[in-house]
Amino acid sequence: MSETGHKPEPDNATGGRKSAGSQPAFSMRGSLLRKNLMTALLLAPATLWLVVFLVLPFIAIAIFSVGERAPEGGYQAALTFAQYANLPARATAFWNTMVLAPVGALACLLVAYPVAYYLALRAPQRWRLILLAMIVIPFWTSLLMRTYAWMYILGGRGIPALLAYVGIEDLRLINTPGAVLLGIVYGYLPLMILPIYVSLERLDRRLLEASADLGATPLSTFLGVTLRLSLPGVMTGFSLVMILLLGEYLIPTLLGGGKVFFIGNALVDLFLQSRNWPFGSAIAITLVLVSVVVLIVANRVSTRLSGARRVDLI
Amino acid sequence: MRAFVVAVFTFLYLPIALVVLFSFNAGHHASEFTGFSVQWYGKALSNPFLVEALKNSLFIATTSALLAAFCGTAAALGLQRVGARTRALFDALLGAAIVVPGVVIGISTLVALVQLFAVVNPFLAELWPTDQPPRLSLGYGSIIAAHGLFSMALVTMIVGTRLASLDRNLVEASSDLYATPLTTFRSIVLPQIMPAVIAGFLLAFTFSFDDFIIAFFVAGAQTTLPIYVFASIRRGVTPEINAIATIVLCASVVLVLLAQWQLGRRKPSP
(Lines give C-alpha, C1' and ligand atoms only; values in the text may rest on other atoms or scores of the structure.)
Protein backbone atom coordinates (compact mmCIF):
# COMPACT_ATOMS: atom_id res chain seq x y z
CA MET A 1 0.00 0.00 0.00
CA SER A 2 2.67 2.50 -0.97
CA GLU A 3 0.60 4.95 -2.99
CA THR A 4 -1.29 7.03 -0.46
CA GLY A 5 -3.66 9.22 -2.42
CA HIS A 6 -2.30 12.69 -2.90
CA LYS A 7 -5.05 13.61 -5.29
CA PRO A 8 -6.59 16.98 -4.53
CA GLU A 9 -10.00 16.13 -3.14
CA PRO A 10 -13.09 18.24 -3.57
CA ASP A 11 -13.40 19.75 -0.11
CA ASN A 12 -16.83 20.75 1.03
CA ALA A 13 -15.47 22.74 3.93
CA THR A 14 -13.65 25.25 1.74
CA GLY A 15 -16.61 27.60 1.67
CA GLY A 16 -16.74 27.68 5.45
CA ARG A 17 -13.06 28.40 5.86
CA LYS A 18 -13.14 31.13 3.30
CA SER A 19 -15.86 33.12 5.00
CA ALA A 20 -14.30 32.51 8.40
CA GLY A 21 -11.04 33.87 7.01
CA SER A 22 -12.71 37.02 5.81
CA GLN A 23 -13.81 37.93 9.32
CA PRO A 24 -10.82 40.16 10.15
CA ALA A 25 -12.02 42.48 7.38
CA PHE A 26 -14.71 43.59 9.82
CA SER A 27 -12.54 45.59 12.13
CA MET A 28 -15.32 46.99 14.26
CA ARG A 29 -16.16 44.84 17.26
CA GLY A 30 -19.86 45.53 17.03
CA SER A 31 -19.99 44.14 13.54
CA LEU A 32 -18.12 41.00 14.59
CA LEU A 33 -20.50 40.51 17.50
CA ARG A 34 -23.48 40.90 15.21
CA LYS A 35 -22.00 38.35 12.86
CA ASN A 36 -21.52 35.82 15.66
CA LEU A 37 -25.03 36.45 16.91
CA MET A 38 -26.36 35.82 13.41
CA THR A 39 -24.41 32.53 13.19
CA ALA A 40 -25.77 31.45 16.56
CA LEU A 41 -29.32 32.31 15.50
CA LEU A 42 -28.94 30.33 12.28
CA LEU A 43 -27.65 27.27 14.09
CA ALA A 44 -29.96 27.48 17.12
CA PRO A 45 -32.99 25.54 15.80
CA ALA A 46 -30.87 22.70 14.40
CA THR A 47 -28.81 22.52 17.58
CA LEU A 48 -31.92 22.42 19.74
CA TRP A 49 -33.38 19.66 17.59
CA LEU A 50 -30.21 17.57 17.55
CA VAL A 51 -29.79 17.88 21.31
CA VAL A 52 -33.42 17.25 22.30
CA PHE A 53 -34.24 14.53 19.77
CA LEU A 54 -30.90 12.81 19.19
CA VAL A 55 -28.38 13.37 21.99
CA LEU A 56 -30.75 13.39 25.00
CA PRO A 57 -32.76 10.34 23.82
CA PHE A 58 -29.52 8.46 23.31
CA ILE A 59 -28.36 9.36 26.83
CA ALA A 60 -31.80 8.31 28.08
CA ILE A 61 -31.57 4.80 26.65
CA ALA A 62 -27.97 4.51 27.86
CA ILE A 63 -29.23 5.28 31.41
CA PHE A 64 -32.20 2.93 31.00
CA SER A 65 -29.93 0.11 29.88
CA VAL A 66 -28.27 -0.02 33.31
CA GLY A 67 -31.63 0.20 35.11
CA GLU A 68 -34.23 -2.34 36.16
CA ARG A 69 -37.70 -3.15 34.95
CA ALA A 70 -40.42 -1.72 37.18
CA PRO A 71 -42.96 -4.35 38.33
CA GLU A 72 -45.72 -2.74 36.21
CA GLY A 73 -43.42 -2.36 33.19
CA GLY A 74 -41.27 0.60 32.22
CA TYR A 75 -38.21 1.68 34.12
CA GLN A 76 -36.90 1.72 37.68
CA ALA A 77 -33.65 3.48 38.54
CA ALA A 78 -30.71 1.23 39.31
CA LEU A 79 -27.09 0.68 38.37
CA THR A 80 -26.71 -2.87 37.16
CA PHE A 81 -25.36 -4.70 34.17
CA ALA A 82 -28.02 -7.38 34.55
CA GLN A 83 -29.70 -6.25 31.33
CA TYR A 84 -26.51 -6.74 29.36
CA ALA A 85 -25.87 -10.08 31.05
CA ASN A 86 -29.37 -11.08 29.96
CA LEU A 87 -28.66 -10.44 26.25
CA PRO A 88 -28.34 -14.19 25.44
CA ALA A 89 -32.08 -14.46 26.20
CA ARG A 90 -32.59 -12.94 22.75
CA ALA A 91 -29.80 -14.96 21.14
CA THR A 92 -32.05 -16.16 18.28
CA ALA A 93 -32.83 -12.59 17.21
CA PHE A 94 -29.14 -11.64 17.40
CA TRP A 95 -28.13 -14.77 15.51
CA ASN A 96 -30.69 -14.25 12.72
CA THR A 97 -29.71 -10.58 12.37
CA MET A 98 -25.96 -11.16 12.53
CA VAL A 99 -26.23 -13.83 9.83
CA LEU A 100 -28.82 -12.30 7.51
CA ALA A 101 -27.51 -8.72 7.70
CA PRO A 102 -24.01 -9.46 6.32
CA VAL A 103 -25.31 -12.16 3.94
CA GLY A 104 -28.02 -9.78 2.73
CA ALA A 105 -25.56 -6.92 2.32
CA LEU A 106 -23.19 -9.21 0.40
CA ALA A 107 -26.00 -10.43 -1.85
CA CYS A 108 -26.97 -6.80 -2.50
CA LEU A 109 -23.35 -6.02 -3.35
CA LEU A 110 -23.02 -8.89 -5.82
CA VAL A 111 -26.15 -7.76 -7.66
CA ALA A 112 -25.40 -4.03 -7.33
CA TYR A 113 -21.81 -3.92 -8.56
CA PRO A 114 -22.41 -4.96 -12.18
CA VAL A 115 -25.37 -2.57 -12.38
CA ALA A 116 -23.35 0.35 -10.98
CA TYR A 117 -20.46 -0.58 -13.31
CA TYR A 118 -22.72 -0.60 -16.33
CA LEU A 119 -24.37 2.70 -15.36
CA ALA A 120 -21.08 4.49 -14.70
CA LEU A 121 -18.83 3.13 -17.44
CA ARG A 122 -20.84 1.38 -20.15
CA ALA A 123 -24.31 2.92 -20.42
CA PRO A 124 -24.97 5.26 -23.38
CA GLN A 125 -24.89 8.88 -22.22
CA ARG A 126 -28.54 9.65 -22.94
CA TRP A 127 -29.73 6.59 -21.04
CA ARG A 128 -27.53 7.12 -18.03
CA LEU A 129 -29.63 9.79 -16.27
CA ILE A 130 -32.88 7.95 -16.92
CA LEU A 131 -31.48 4.69 -15.57
CA LEU A 132 -30.03 6.50 -12.57
CA ALA A 133 -33.42 8.07 -11.85
CA MET A 134 -34.93 4.59 -12.07
CA ILE A 135 -32.55 3.50 -9.30
CA VAL A 136 -33.24 6.56 -7.13
CA ILE A 137 -37.04 6.28 -7.32
CA PRO A 138 -37.32 2.91 -5.52
CA PHE A 139 -34.80 4.20 -2.96
CA TRP A 140 -37.24 6.91 -1.94
CA THR A 141 -40.36 4.78 -2.27
CA SER A 142 -42.06 3.34 0.78
CA LEU A 143 -40.26 0.18 1.93
CA LEU A 144 -43.56 -0.98 3.44
CA MET A 145 -45.29 -0.87 0.07
CA ARG A 146 -42.40 -2.48 -1.77
CA THR A 147 -42.14 -5.30 0.78
CA TYR A 148 -45.90 -5.68 0.59
CA ALA A 149 -45.56 -6.26 -3.16
CA TRP A 150 -43.46 -9.36 -2.45
CA MET A 151 -45.92 -10.57 0.19
CA TYR A 152 -48.53 -10.40 -2.51
CA ILE A 153 -46.37 -12.24 -5.05
CA LEU A 154 -44.96 -14.92 -2.75
CA GLY A 155 -48.16 -15.38 -0.78
CA GLY A 156 -50.57 -18.29 -1.24
CA ARG A 157 -52.53 -16.63 -4.06
CA GLY A 158 -49.45 -15.45 -5.96
CA ILE A 159 -46.66 -17.61 -7.39
CA PRO A 160 -47.67 -20.77 -5.45
CA ALA A 161 -51.16 -20.58 -6.98
CA LEU A 162 -49.65 -20.16 -10.46
CA LEU A 163 -47.33 -23.11 -9.87
CA ALA A 164 -50.28 -25.21 -8.75
CA TYR A 165 -51.66 -24.85 -12.29
CA VAL A 166 -48.58 -26.58 -13.69
CA GLY A 167 -48.73 -29.28 -11.07
CA ILE A 168 -46.29 -28.10 -8.42
CA GLU A 169 -48.38 -28.22 -5.27
CA ASP A 170 -47.80 -27.08 -1.71
CA LEU A 171 -44.78 -24.94 -2.34
CA ARG A 172 -44.25 -22.54 0.51
CA LEU A 173 -42.31 -19.41 -0.42
CA ILE A 174 -43.38 -16.79 2.09
CA ASN A 175 -42.41 -16.96 5.78
CA THR A 176 -39.01 -18.49 5.03
CA PRO A 177 -35.47 -17.14 5.51
CA GLY A 178 -35.17 -17.18 1.71
CA ALA A 179 -38.14 -14.80 1.40
CA VAL A 180 -36.53 -12.48 3.97
CA LEU A 181 -33.26 -12.51 2.02
CA LEU A 182 -35.11 -11.75 -1.21
CA GLY A 183 -36.91 -8.87 0.50
CA ILE A 184 -33.61 -7.54 1.82
CA VAL A 185 -31.97 -7.54 -1.63
CA TYR A 186 -35.07 -5.96 -3.13
CA GLY A 187 -35.35 -3.29 -0.45
CA TYR A 188 -31.72 -2.26 -0.19
CA LEU A 189 -30.38 -2.73 -3.73
CA PRO A 190 -30.77 0.98 -4.67
CA LEU A 191 -28.90 2.06 -1.53
CA MET A 192 -26.02 -0.24 -2.53
CA ILE A 193 -25.94 0.83 -6.19
CA LEU A 194 -25.82 4.61 -5.58
CA PRO A 195 -22.51 4.94 -3.65
CA ILE A 196 -20.76 2.41 -5.92
CA TYR A 197 -21.99 4.33 -8.96
CA VAL A 198 -20.67 7.58 -7.49
CA SER A 199 -17.20 6.14 -6.88
CA LEU A 200 -17.03 4.50 -10.33
CA GLU A 201 -18.24 7.65 -12.05
CA ARG A 202 -15.41 9.66 -10.49
CA LEU A 203 -12.88 7.14 -11.70
CA ASP A 204 -10.19 8.65 -13.92
CA ARG A 205 -10.65 6.75 -17.19
CA ARG A 206 -7.10 7.49 -18.29
CA LEU A 207 -5.97 5.05 -15.60
CA LEU A 208 -7.87 2.29 -17.39
CA GLU A 209 -6.24 3.17 -20.70
CA ALA A 210 -2.82 3.37 -19.05
CA SER A 211 -3.31 -0.04 -17.51
CA ALA A 212 -4.30 -1.55 -20.86
CA ASP A 213 -1.41 0.20 -22.66
CA LEU A 214 1.00 -1.30 -20.16
CA GLY A 215 -0.16 -4.75 -21.16
CA ALA A 216 -2.56 -5.60 -18.36
CA THR A 217 -5.34 -8.01 -19.23
CA PRO A 218 -8.91 -6.68 -18.85
CA LEU A 219 -9.28 -8.82 -15.74
CA SER A 220 -6.18 -7.50 -14.02
CA THR A 221 -7.12 -3.94 -15.01
CA PHE A 222 -10.50 -4.51 -13.39
CA LEU A 223 -9.03 -6.01 -10.22
CA GLY A 224 -6.06 -3.68 -9.91
CA VAL A 225 -7.64 -0.38 -10.97
CA THR A 226 -11.43 -0.34 -11.23
CA LEU A 227 -12.37 -2.51 -8.29
CA ARG A 228 -9.66 -1.10 -6.09
CA LEU A 229 -10.55 2.54 -6.75
CA SER A 230 -14.26 1.86 -6.29
CA LEU A 231 -13.70 0.26 -2.88
CA PRO A 232 -14.67 3.40 -0.94
CA GLY A 233 -18.06 3.31 -2.64
CA VAL A 234 -18.37 -0.42 -2.05
CA MET A 235 -17.56 -0.05 1.63
CA THR A 236 -19.93 2.94 2.03
CA GLY A 237 -22.75 0.98 0.43
CA PHE A 238 -21.96 -2.18 2.36
CA SER A 239 -21.77 -0.48 5.75
CA LEU A 240 -24.93 1.62 5.17
CA VAL A 241 -26.95 -1.42 4.08
CA MET A 242 -25.54 -3.54 6.89
CA ILE A 243 -26.32 -0.92 9.56
CA LEU A 244 -29.87 -0.37 8.33
CA LEU A 245 -30.37 -4.15 8.17
CA LEU A 246 -29.26 -4.50 11.79
CA GLY A 247 -32.31 -2.41 12.72
CA GLU A 248 -34.65 -3.88 10.13
CA TYR A 249 -38.16 -4.74 11.29
CA LEU A 250 -40.59 -4.64 8.36
CA ILE A 251 -38.95 -7.21 6.07
CA PRO A 252 -38.58 -10.03 8.63
CA THR A 253 -42.06 -9.29 10.00
CA LEU A 254 -43.88 -9.29 6.67
CA LEU A 255 -41.85 -11.86 4.73
CA GLY A 256 -40.62 -13.96 7.66
CA GLY A 257 -44.06 -14.19 9.22
CA GLY A 258 -43.05 -14.60 12.85
CA LYS A 259 -40.57 -17.35 12.00
CA VAL A 260 -37.50 -15.22 11.29
CA PHE A 261 -37.01 -12.81 14.20
CA PHE A 262 -34.60 -9.92 13.93
CA ILE A 263 -33.27 -7.59 16.64
CA GLY A 264 -35.86 -5.08 15.35
CA ASN A 265 -38.63 -7.55 16.21
CA ALA A 266 -37.18 -8.03 19.70
CA LEU A 267 -37.13 -4.25 20.21
CA VAL A 268 -40.73 -3.79 19.09
CA ASP A 269 -41.76 -6.60 21.42
CA LEU A 270 -39.83 -5.24 24.40
CA PHE A 271 -40.95 -1.63 23.97
CA LEU A 272 -44.52 -1.93 22.76
CA GLN A 273 -45.73 -5.29 24.07
CA SER A 274 -43.91 -6.71 27.10
CA ARG A 275 -42.75 -3.22 28.17
CA ASN A 276 -39.35 -4.28 29.43
CA TRP A 277 -37.70 -0.97 28.60
CA PRO A 278 -34.35 -1.43 30.36
CA PHE A 279 -33.68 -4.73 28.57
CA GLY A 280 -34.79 -3.20 25.27
CA SER A 281 -32.46 -0.25 25.88
CA ALA A 282 -29.54 -2.61 26.48
CA ILE A 283 -30.28 -4.32 23.17
CA ALA A 284 -30.53 -0.95 21.40
CA ILE A 285 -27.20 0.22 22.84
CA THR A 286 -25.59 -3.05 21.74
CA LEU A 287 -27.05 -2.51 18.27
CA VAL A 288 -25.59 0.98 18.08
CA LEU A 289 -22.18 -0.25 19.26
CA VAL A 290 -22.16 -2.98 16.60
CA SER A 291 -23.10 -0.35 13.98
CA VAL A 292 -20.23 1.87 15.07
CA VAL A 293 -17.82 -1.07 14.78
CA VAL A 294 -19.14 -1.83 11.28
CA LEU A 295 -18.61 1.81 10.25
CA ILE A 296 -15.08 1.93 11.65
CA VAL A 297 -14.07 -1.36 10.03
CA ALA A 298 -15.57 -0.33 6.67
CA ASN A 299 -13.78 3.01 6.81
CA ARG A 300 -10.48 1.31 7.69
CA VAL A 301 -10.80 -1.21 4.90
CA SER A 302 -11.48 1.38 2.23
CA THR A 303 -8.69 3.69 3.46
CA ARG A 304 -6.22 0.83 3.72
CA LEU A 305 -6.95 -0.74 0.36
CA SER A 306 -7.59 2.21 -1.88
CA GLY A 307 -5.78 5.02 -0.16
CA ALA A 308 -8.82 7.24 -0.60
CA ARG A 309 -11.45 8.63 1.69
CA ARG A 310 -14.96 7.27 1.71
CA VAL A 311 -17.59 8.78 -0.58
CA ASP A 312 -20.62 10.55 0.72
CA LEU A 313 -23.99 9.30 -0.35
CA ILE A 314 -25.56 12.52 -1.50
CA MET B 1 -23.75 -7.70 -18.74
CA ARG B 2 -26.52 -5.77 -20.42
CA ALA B 3 -28.85 -8.73 -20.00
CA PHE B 4 -28.02 -8.80 -16.29
CA VAL B 5 -28.78 -5.07 -15.95
CA VAL B 6 -32.09 -5.53 -17.75
CA ALA B 7 -32.90 -8.42 -15.41
CA VAL B 8 -32.13 -6.29 -12.34
CA PHE B 9 -34.34 -3.45 -13.53
CA THR B 10 -37.11 -5.96 -14.20
CA PHE B 11 -36.61 -7.33 -10.69
CA LEU B 12 -36.87 -3.78 -9.28
CA TYR B 13 -40.00 -2.80 -11.16
CA LEU B 14 -41.99 -5.98 -11.80
CA PRO B 15 -43.36 -6.37 -8.24
CA ILE B 16 -44.45 -2.72 -8.18
CA ALA B 17 -46.02 -3.10 -11.62
CA LEU B 18 -47.95 -6.16 -10.46
CA VAL B 19 -49.35 -4.32 -7.44
CA VAL B 20 -50.46 -1.47 -9.69
CA LEU B 21 -51.97 -3.90 -12.21
CA PHE B 22 -53.89 -5.86 -9.61
CA SER B 23 -55.21 -2.71 -7.97
CA PHE B 24 -57.37 -2.49 -11.13
CA ASN B 25 -58.42 -6.13 -10.92
CA ALA B 26 -62.16 -6.72 -10.89
CA GLY B 27 -61.63 -10.02 -9.13
CA HIS B 28 -60.34 -10.70 -5.69
CA HIS B 29 -57.31 -12.93 -6.24
CA ALA B 30 -53.73 -12.27 -7.23
CA SER B 31 -53.60 -15.41 -9.34
CA GLU B 32 -56.06 -14.25 -11.97
CA PHE B 33 -56.88 -10.94 -13.57
CA THR B 34 -60.59 -11.08 -14.26
CA GLY B 35 -61.21 -7.63 -15.70
CA PHE B 36 -60.58 -3.94 -15.30
CA SER B 37 -62.24 -2.10 -12.43
CA VAL B 38 -61.62 0.82 -10.13
CA GLN B 39 -63.85 -0.59 -7.39
CA TRP B 40 -60.95 -1.06 -4.92
CA TYR B 41 -60.09 2.63 -5.15
CA GLY B 42 -63.69 3.45 -4.36
CA LYS B 43 -63.64 1.02 -1.43
CA ALA B 44 -60.37 2.44 -0.11
CA LEU B 45 -61.47 6.07 -0.34
CA SER B 46 -64.80 5.43 1.34
CA ASN B 47 -63.10 3.81 4.34
CA PRO B 48 -63.25 6.51 7.06
CA PHE B 49 -60.30 5.09 9.06
CA LEU B 50 -58.14 5.08 5.98
CA VAL B 51 -59.07 8.64 5.00
CA GLU B 52 -58.35 9.77 8.57
CA ALA B 53 -54.91 8.07 8.46
CA LEU B 54 -54.20 9.66 5.08
CA LYS B 55 -55.09 13.12 6.41
CA ASN B 56 -52.86 12.60 9.45
CA SER B 57 -49.96 11.52 7.25
CA LEU B 58 -50.38 14.52 4.96
CA PHE B 59 -50.47 16.91 7.91
CA ILE B 60 -47.45 15.34 9.61
CA ALA B 61 -45.39 15.14 6.42
CA THR B 62 -46.14 18.75 5.44
CA THR B 63 -45.38 20.16 8.89
CA SER B 64 -42.18 18.20 9.50
CA ALA B 65 -40.89 18.88 5.98
CA LEU B 66 -41.58 22.63 6.33
CA LEU B 67 -39.83 22.74 9.70
CA ALA B 68 -36.93 20.72 8.32
CA ALA B 69 -36.60 22.91 5.22
CA PHE B 70 -36.49 26.04 7.38
CA CYS B 71 -34.17 24.78 10.16
CA GLY B 72 -32.00 22.75 7.79
CA THR B 73 -31.40 25.67 5.45
CA ALA B 74 -30.61 27.95 8.39
CA ALA B 75 -28.18 25.35 9.72
CA ALA B 76 -26.47 24.93 6.34
CA LEU B 77 -26.02 28.74 6.14
CA GLY B 78 -24.81 28.88 9.73
CA LEU B 79 -22.31 26.06 9.24
CA GLN B 80 -20.57 28.14 6.56
CA ARG B 81 -19.67 30.67 9.19
CA VAL B 82 -18.17 28.46 11.88
CA GLY B 83 -14.73 26.94 12.44
CA ALA B 84 -13.66 23.50 11.29
CA ARG B 85 -14.11 21.91 14.72
CA THR B 86 -17.72 23.03 15.24
CA ARG B 87 -18.44 21.99 11.70
CA ALA B 88 -17.04 18.50 12.23
CA LEU B 89 -19.17 18.11 15.37
CA PHE B 90 -22.32 19.13 13.49
CA ASP B 91 -21.44 16.88 10.56
CA ALA B 92 -21.05 13.92 12.91
CA LEU B 93 -24.41 14.57 14.61
CA LEU B 94 -26.20 15.12 11.30
CA GLY B 95 -24.61 11.96 9.89
CA ALA B 96 -25.77 10.04 12.97
CA ALA B 97 -29.32 11.37 12.50
CA ILE B 98 -29.31 9.94 8.98
CA VAL B 99 -27.49 6.65 9.55
CA VAL B 100 -28.90 5.44 12.89
CA PRO B 101 -31.64 2.86 12.11
CA GLY B 102 -35.24 4.05 12.49
CA VAL B 103 -35.89 1.48 15.22
CA VAL B 104 -33.28 3.07 17.48
CA ILE B 105 -34.47 6.63 16.71
CA GLY B 106 -38.02 5.49 17.46
CA ILE B 107 -37.37 3.85 20.81
CA SER B 108 -34.95 6.47 22.09
CA THR B 109 -37.40 9.27 21.24
CA LEU B 110 -40.18 7.28 22.91
CA VAL B 111 -38.15 6.75 26.09
CA ALA B 112 -36.98 10.36 26.29
CA LEU B 113 -40.41 11.87 25.62
CA VAL B 114 -42.21 9.62 28.11
CA GLN B 115 -39.68 10.59 30.80
CA LEU B 116 -39.98 14.26 29.86
CA PHE B 117 -43.79 14.18 30.00
CA ALA B 118 -43.66 12.46 33.39
CA VAL B 119 -41.73 15.48 34.68
CA VAL B 120 -43.59 18.24 32.84
CA ASN B 121 -47.20 17.10 33.26
CA PRO B 122 -47.36 17.39 37.11
CA PHE B 123 -45.84 20.87 36.78
CA LEU B 124 -48.47 21.86 34.27
CA ALA B 125 -51.22 20.48 36.51
CA GLU B 126 -49.83 22.49 39.41
CA LEU B 127 -49.49 25.75 37.52
CA TRP B 128 -52.62 25.61 35.38
CA PRO B 129 -55.34 27.97 36.65
CA THR B 130 -58.32 25.74 35.82
CA ASP B 131 -59.14 22.16 36.74
CA GLN B 132 -58.41 20.72 33.32
CA PRO B 133 -54.72 21.24 32.63
CA PRO B 134 -53.38 20.18 29.22
CA ARG B 135 -51.56 16.87 29.33
CA LEU B 136 -48.62 16.48 27.02
CA SER B 137 -48.68 13.09 25.34
CA LEU B 138 -47.39 11.25 22.30
CA GLY B 139 -49.13 12.13 19.06
CA TYR B 140 -48.77 14.52 16.15
CA GLY B 141 -46.07 16.53 17.88
CA SER B 142 -43.80 13.61 18.66
CA ILE B 143 -44.07 12.14 15.15
CA ILE B 144 -43.36 15.53 13.57
CA ALA B 145 -40.35 16.06 15.82
CA ALA B 146 -38.89 12.59 15.25
CA HIS B 147 -39.38 12.77 11.48
CA GLY B 148 -38.00 16.29 11.52
CA LEU B 149 -34.69 15.02 12.91
CA PHE B 150 -33.89 12.91 9.85
CA SER B 151 -35.41 15.44 7.46
CA MET B 152 -33.51 18.38 8.91
CA ALA B 153 -30.21 16.50 8.62
CA LEU B 154 -31.10 15.66 5.02
CA VAL B 155 -31.95 19.26 4.10
CA THR B 156 -28.77 20.52 5.79
CA MET B 157 -26.68 18.10 3.70
CA ILE B 158 -28.38 18.88 0.39
CA VAL B 159 -28.35 22.67 0.88
CA GLY B 160 -24.79 22.49 2.28
CA THR B 161 -23.59 20.72 -0.87
CA ARG B 162 -25.20 23.41 -3.02
CA LEU B 163 -23.71 26.21 -0.90
CA ALA B 164 -20.25 24.69 -1.29
CA SER B 165 -20.54 24.96 -5.07
CA LEU B 166 -21.99 28.48 -4.93
CA ASP B 167 -20.30 31.04 -7.14
CA ARG B 168 -18.33 33.09 -4.60
CA ASN B 169 -17.48 35.76 -7.14
CA LEU B 170 -21.09 36.86 -7.32
CA VAL B 171 -21.27 37.22 -3.54
CA GLU B 172 -18.04 39.23 -3.46
CA ALA B 173 -19.13 41.36 -6.40
CA SER B 174 -22.39 42.05 -4.63
CA SER B 175 -20.73 43.28 -1.44
CA ASP B 176 -18.15 45.24 -3.45
CA LEU B 177 -21.09 47.06 -4.98
CA TYR B 178 -22.23 48.04 -1.48
CA ALA B 179 -25.16 45.67 -1.23
CA THR B 180 -26.10 44.99 2.37
CA PRO B 181 -25.60 41.38 3.53
CA LEU B 182 -29.39 40.96 3.50
CA THR B 183 -29.68 42.18 -0.10
CA THR B 184 -26.81 39.93 -1.15
CA PHE B 185 -28.53 37.01 0.52
CA ARG B 186 -31.91 37.75 -1.05
CA SER B 187 -30.73 38.41 -4.57
CA ILE B 188 -27.64 36.18 -4.92
CA VAL B 189 -27.55 33.34 -2.39
CA LEU B 190 -31.22 32.52 -2.00
CA PRO B 191 -32.03 32.13 -5.73
CA GLN B 192 -29.05 29.80 -6.12
CA ILE B 193 -29.87 27.55 -3.19
CA MET B 194 -33.64 27.59 -3.67
CA PRO B 195 -33.74 24.46 -5.90
CA ALA B 196 -31.80 22.56 -3.20
CA VAL B 197 -34.20 23.81 -0.50
CA ILE B 198 -37.22 22.72 -2.55
CA ALA B 199 -35.64 19.32 -3.33
CA GLY B 200 -34.86 18.89 0.37
CA PHE B 201 -38.45 19.75 1.27
CA LEU B 202 -39.83 17.24 -1.24
CA LEU B 203 -37.53 14.43 -0.10
CA ALA B 204 -38.30 15.22 3.54
CA PHE B 205 -42.01 15.07 2.76
CA THR B 206 -41.56 11.74 0.96
CA PHE B 207 -39.57 10.32 3.87
CA SER B 208 -42.14 11.35 6.48
CA PHE B 209 -45.09 10.22 4.37
CA ASP B 210 -43.50 6.79 3.84
CA ASP B 211 -41.99 6.19 7.26
CA PHE B 212 -43.46 3.40 9.29
CA ILE B 213 -41.01 2.36 11.98
CA ILE B 214 -40.33 5.69 13.73
CA ALA B 215 -44.03 6.63 13.77
CA PHE B 216 -44.89 3.13 15.02
CA PHE B 217 -43.04 3.88 18.27
CA VAL B 218 -43.90 7.53 18.88
CA ALA B 219 -47.43 7.78 17.42
CA GLY B 220 -49.22 7.18 20.71
CA ALA B 221 -52.93 6.97 19.89
CA GLN B 222 -52.54 8.51 16.41
CA THR B 223 -52.56 6.52 13.17
CA THR B 224 -50.58 7.40 10.09
CA LEU B 225 -51.18 5.85 6.67
CA PRO B 226 -48.22 3.40 6.87
CA ILE B 227 -49.30 2.33 10.38
CA TYR B 228 -52.84 1.73 9.13
CA VAL B 229 -51.59 -0.20 6.08
CA PHE B 230 -49.23 -2.30 8.21
CA ALA B 231 -52.04 -3.21 10.59
CA SER B 232 -54.39 -4.18 7.76
CA ILE B 233 -51.68 -6.19 5.96
CA ARG B 234 -51.24 -8.23 9.12
CA ARG B 235 -54.98 -8.91 9.16
CA GLY B 236 -54.76 -10.21 5.61
CA VAL B 237 -53.90 -9.09 2.10
CA THR B 238 -56.81 -7.46 0.28
CA PRO B 239 -57.02 -5.77 -3.13
CA GLU B 240 -57.95 -2.59 -1.28
CA ILE B 241 -54.35 -2.39 -0.04
CA ASN B 242 -53.16 -2.62 -3.66
CA ALA B 243 -55.14 0.52 -4.42
CA ILE B 244 -53.62 2.40 -1.45
CA ALA B 245 -50.14 1.13 -2.33
CA THR B 246 -50.59 2.37 -5.90
CA ILE B 247 -51.63 5.83 -4.70
CA VAL B 248 -48.65 6.03 -2.32
CA LEU B 249 -46.21 4.76 -4.95
CA CYS B 250 -47.43 7.29 -7.51
CA ALA B 251 -47.15 10.11 -4.97
CA SER B 252 -43.55 9.09 -4.14
CA VAL B 253 -42.55 8.83 -7.80
CA VAL B 254 -43.94 12.29 -8.60
CA LEU B 255 -42.29 13.89 -5.55
CA VAL B 256 -38.90 12.28 -6.18
CA LEU B 257 -38.93 13.21 -9.87
CA LEU B 258 -39.79 16.80 -8.91
CA ALA B 259 -36.92 16.80 -6.39
CA GLN B 260 -34.45 15.44 -8.96
CA TRP B 261 -35.58 18.03 -11.48
CA GLN B 262 -35.05 20.79 -8.90
CA LEU B 263 -31.60 19.45 -8.02
CA GLY B 264 -30.67 19.23 -11.68
CA ARG B 265 -31.52 22.90 -12.29
CA ARG B 266 -28.69 25.44 -12.43
CA LYS B 267 -26.14 22.83 -11.62
CA PRO B 268 -22.73 24.33 -12.39
CA SER B 269 -21.22 21.04 -13.56
CA PRO B 270 -22.69 19.13 -16.53
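This is a predicted model: local features need pLDDT of at least 70, side-chain atom pairs count only at pLDDT 80 or more; totals for chains, interfaces and linings use all residues.
Student: What share of the residues in chain B score a pLDDT of at least 70?
Tutor: Chain B averages a pLDDT of 89. The share of its residues that score at least 70 is 97%.

Student: How many helices and strands does chain B have?
Tutor: Read along the sequence, chain B follows the pattern α-α-α-α-α-α-α-α-α-α-α. The C-alpha atoms of this chain fill a box of roughly 70 × 65 × 30 Å along the principal axes. The count for chain B is 11 helices and 0 strands.

Student: What percentage of the residues in chain B is buried?
Tutor: Burial here requires 20 or more other C-beta atoms within 10 Å of a residue's own. Chain B has 270 residues, and the buried ones make up 44%.

Student: In chain B, what share of the contacts with a separation of 6 or more comes from residues 24 or more positions apart?
Tutor: The contacts considered are those in chain B with a separation of 6 or more. Residues 24 or more positions apart account for 79%.

Student: How far apart are the C-alpha centres of domain 1 and domain 2 of chain B?
Tutor: The domain assignment places domain 1 of chain B at 1-37 and domain 2 at 50-264. Their contact takes 7 residues from domain 1 and 6 residues from domain 2. On the domain 1 side, these are 4 nonpolar, 3 polar and no charged residues. The C-alpha centres of the two domains lie apart by 32 Å.

Student: Which helix of chain A gives the largest share of the side that touches chain B?
Tutor: The contact takes 70 residues from chain A and 74 residues from chain B. The chain A side divides into 51 nonpolar, 14 polar and 5 charged residues. Its largest share, 15 residues, comes from helix 2 (residues 29-64).

Note on methods:
Residues are numbered from 1 along each chain as its sequence is written. Chains are lettered from A and ligands numbered from 1 in the order in which they are written. Two residues are in contact if their C-beta atoms, placed from the backbone, lie within 7 Å. Helices (H or I, at least four residues) and strands (E, at least two) are DSSP runs, numbered from the N terminus. Ala, Val, Leu, Ile, Met, Phe, Trp, Tyr, Cys and Pro count as nonpolar, Asp, Glu, Lys and Arg as charged, and the others, Gly among them, as polar. pLDDT is the predictor's confidence in each residue, from 0 to 100. A residue is buried if 20 or more other C-beta atoms lie within 10 Å of its own, exposed if 12 or fewer, and partly exposed in between; C-beta atoms are placed from the backbone. Domain bounds come from an automatic or database domain assignment.
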